[in-house]
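Please take a moment with the sequence and the model before reading on. The paragraphs after them lead through two places, one after the other.

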Amino acid sequence: MKINRRHFLASGLIAAGGIVAAPSTARTGAEVSPDNVVLATLLDISKCIACGACVEACREVNGHKFPRPEKPFPIMYPAKVKVADWSERQDVDDRLTPYNWLYIQTAEGEYNGRSFELHIPRRCLHCQNPPCANLCPWGAAYKDSRGIVGINDEICLGGAKCKDVCPWHIPERQTGVGLYLKLAPSFAGNGVMYKCDRCRDRVAQGETPACIEVCPEGVQSIGPRDEILAQARELAARTGGFLYGDTQNGGTNTFYVSPVPFDVLNAAVEQGPGKPHLASVGNPFVKEELLARAVYAAPLIGVVAGVLHLVRGATSEDNNE
Amino acid sequence: MNSLTLVFRLTVFALAFTGFAQMPIFSRYYLADVPGFAWTADYYFNHVAHYILAIVLLAILGWRLPRILRRQSWSAMDVTVGLCWIGIVLTGIVRVMKNQPESYFSPTLVMWVDWGHLIFVVLLAPLALAHFMTRRARASARRLHNAK
Ligand code: HEM
Ligand code: HEM
Ligand code: SF4
Ligand code: SF4
Ligand code: SF4
């Protein structure tokens, strides 16, 4: 199986360096240590009553991670680089901000001749192959062994590339915090990016993310990805509902189940900065595996050709290295 | 300079360019605003371009490896430049592996591999230049000597 061979290659190389590399999605049901199990969440949006308890709980539980920017901010060049300051507006809760990692989006409209009003808790979806982490040029954004995608606030420079490459533009910037202040604050970086880390510290202690625990309606559930995905499919099939998140962006660890199709919801929700869409998103890395195979093969083919060439005594090629 | 060397140098230049395009600098510093240069701020485009260039580079390096290994005398500079290349290639390959859908590497490792890739690139640039200059100086000295 190609996946196994890749894991073998990868873990072999890293194990040689004595550093952990655990294949994460391969869960065999047997006693797998919990920190190796990729967790996913299911959100049954037909149940959400927009009480906002989850939003409140998220802010309370994660408040200690929120930015405490130093002011005045360094002057940044060129002048078109804008400050992103939410520190005076920490109570904004109708969109995503560095101080609000979860908000309730509302969709009202008509579908099949019946009117609907649905509420959708929105946050980072924790993609399986997250572009925000893959493309971070600084190793600050990461995917961990539980499938949580996070951003290391100690090293993030706030360049906001993760936000640009995320199809939902989830991470939000706060200026005036983080490592860039110690480097060249006027010329590179612009703070730190923040988003839902699926309560990483709580999950590490075996606890449930705050938003899930506090919900009076039991909108969300969390568990091993394959089980939760099966539940989501079953729920959608049983209720004639629709599923979002299973294949979006190449697959995520968040599954929304709705009685109304997502293209209808997408047209009905308010969108804009900090207010993500619900459109269908393809896999941005479709060619990734093909390219990787070529990357692994290229040096081998080169060496074989080079050796053959030498053995045949050719000397025409120059000798500068 | 034969044509393979030319291809090699162009590839290295293009790798450095698409590599630095991975940082959000070309949009900040107006390069992407120059007509015809909008692609310099397209992260997905530069990502794929960097991969394709890396494939070309690795094939050339592989081709040259047997020749490099046969070299008799290794100056300290040769060794340092060689180590930088090994560093760039290994960290680059680990980054590619890490970007595969089913792979998982610890966040700390990812950070160091990333920083490593950048550090080796930043080391190689001045070293390669110095290396090139000393070789040229030596080569012209030899030519002078032979002409006598
Ligand atoms: C030693 C070489 C360098 C290192 C290690 C380095 C490191 C980085 C990294 C990793 C980022 C990404 C920040 C992020 O995504 O948060 C970045 C961004 C940036 N770098 Fe560099 N860089 C180097 C050279 C340069 C040079 C030569 C310039 C230009 C004069 C530059 C200007 C910038 C700028 C403007 C940003 C973007 C900040 C933003 O968009 O807010 N860097 N740098
Ligand atoms: C002279 C050769 C090379 C130069 C100058 C170069 C330069 C860079 C730079 C400056 C970055 C952005 C900073 C960072 O992420 O650390 C980068 C990223 C990257 N490089 Fe290279 N690199 C070279 C060769 C390679 C090779 C041989 C490979 C693969 C085998 C590779 C794979 C990558 C990957 C995967 C990234 C992350 C960005 C992305 O996913 O597109 N690089 N490179
Ligand atoms: S939703 Fe966006 S921020 Fe969250 S993991 Fe996916 S790409 Fe990253
Ligand atoms: S999982 Fe945790 S961090 Fe994420 S939205 Fe819920 S409470 Fe907030
Ligand atoms: S706590 Fe539950 S019901 Fe209330 S807004 Fe959040 S998800 Fe909806």
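Predicted model: local features only at pLDDT ≥ 70, side-chain atom pairs only at ≥ 80, totals over all residues.

Residues are numbered from 1 along each chain as its sequence is written, chains are lettered from A and ligands numbered from 1 in the order in which they are written, and side-chain values use heavy atoms, with hydrogens and water left out.

In chain B, the loop between α1 (3–20) and α2 (43–69) holds B:Trp39; helices here are DSSP runs of H or I with at least four residues, and strands are runs of E with at least two, numbered from the N terminus. B:Trp39 counts as partly exposed because its relative accessibility is 33%, the class between buried (under 20%) and exposed (over 50%), found with a 1.4 Å probe on protein chains only. Leaving aside neighbours within four places in sequence, B:Trp39 is in contact (heavy atoms within 4.5 Å) with B:Phe17, B:Phe45 and B:Asn46. The C-alpha atoms of B:Trp39 and B:Ala21 are 9.4 Å apart in space, while the two residues are 18 apart in sequence.

The lining of the second largest pocket is made by 20 residues, and A:Tyr142, A:Ile151, A:Asn152, A:Asp153 and A:Asp197 lie nearest its centre. Two or more lining residues come from each of β5 (149–151), β7 (192–194) and α5 (200–204) of chain A and α4 (107–147) of chain B, with α4(B) giving the most, 3 residues. A pocket is an open set of points on a 1 Å grid over the protein atoms alone, where a 1.4 Å probe fits, with protein on both sides within 12 Å along at least five of seven lines, and lining residues have an atom within 4 Å of a point.
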